[in-house]
Amino acid sequence: MTVITHDFVNAREADSPLDIVPVAGRIGAEIRGIRLSGDLDDATVAAIRAALIRHKVIFFRDQIHLDDAGQEAFAARLGEPVAHPTVPVAEGSRFLLDLDSKEGYAASSWHTDVTFVPAYPEASILRAINIPEAGGDTLWANGVTAYEELPDALKTLVDNLWAVHTNDYDYASAFANAPTDRINYHKEIFASTVYETEHPVVRVHPESGERALLVGHFVKKFVGLSGPDSQRLLAILQEHVTKPENTVRWRWRANDVAIWDNRSTQHRAIADFGLQRRTLRRATIAGDVPIAIDGSRSRAIVPDQQQTLEAAE
């Protein structure tokens, strides 16, 4: 395993066969001249994966040809596509998640996808269909540079700290200004089955060896800390993750595709588009169980989940 260090700026890769244009100083790059599909050759797929690990989130403009079936076929080239554990798939698809904000409300809080289960997704592939004339951008944050820049005292604390993640969280804060019935409807679906999992606060990336902060809005509390202390510490860590220097903001156009490494990032949709319609579809790639610095693995803390996890090992 080669450990990547971040003395470099988020720069072009001289050895990559792809046309890669960095977007922000620490995270994010646009890849040009690629037509995403299930027919991409192995060398191109490997180069895309390498760019994803390096830049954390990669963007592709003008994928006009890509429909639901094409998105699913491309996802299968990157890994094993999986459906969301609680939300039904988009109509007519096998595993795509429909993110349609036609009612003018969207979840807007920093998170890493599906961290309430042990083997949460490796990556996500988001395709833009309907995009507001103004607003509706998405932000991504680099959990690796956030960890690297922590003061030594905070690193000492988080290196051995664990957090409980759950999908039974504060939906009202995520759906700001949404009516109560809309919030309750979303919670009934998203938390139709409640999950809780303990993850290390610092995850070691299985491919790059990088250490990244693993927090976000699914964190319920830190193991060994009270609820109030957990919330104060979470706020401190989130401020480090989401400081402007660690982020990239993408202005969507219809037919754009964004792919992010869900093992080293957080993201947030910006709900500033009022009643304009915003529709995207997400494919998700199966991940592995995170490993802490000391080699310990994440664990479900609901008994039947733990039994399922052990049976799969």
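Which residues does Thr-193 touch, not counting residues up to four places away in sequence? Thr-193 touches Thr-86 and Asn-167, where contact means heavy atoms within 4.5 Å.

This is a predicted model, in which local features need pLDDT of at least 70 and side-chain atom pairs count only at pLDDT 80 or more, while totals for chains, interfaces and linings use all residues. Residues are numbered from 1 along each chain as its sequence is written, and side-chain values use heavy atoms, with hydrogens and water left out.

View 1. Thr-193 lies in the loop between α6 (180-190) and β9 (196-200); helices (H or I, at least four residues) and strands (E, at least two) are DSSP runs, numbered from the N terminus. Because its relative accessibility is 38%, Thr-193 counts as partly exposed, a class that falls between buried (under 20% relative accessible area) and exposed (over 50%), with a 1.4 Å probe and protein chains only. Val-87 is 106 residues from Thr-193 in sequence, and their C-alpha atoms are 10.0 Å apart in space.

**View 2. Strand β14.** Five of the five residues of strand β14 (residues 257-261) are buried, so the strand is largely enclosed by the rest of the structure. Val-257, Ile-259 and Asp-261 point one way from β14, whereas Ala-258 and Trp-260 point the other way.

**View 3. Strands paired with β14.** Strand β3 (residues 57-60) pairs with β14 in the antiparallel sense over four bridges, pairing being assigned if DSSP finds at least two bridges between two strands, and Phe-59 has Ala-258 of β14 as its bridge partner. Strand β6 (residues 123-130) also pairs with β14 in the antiparallel sense, over five bridges, and Arg-127 stands opposite Val-257 in β14.
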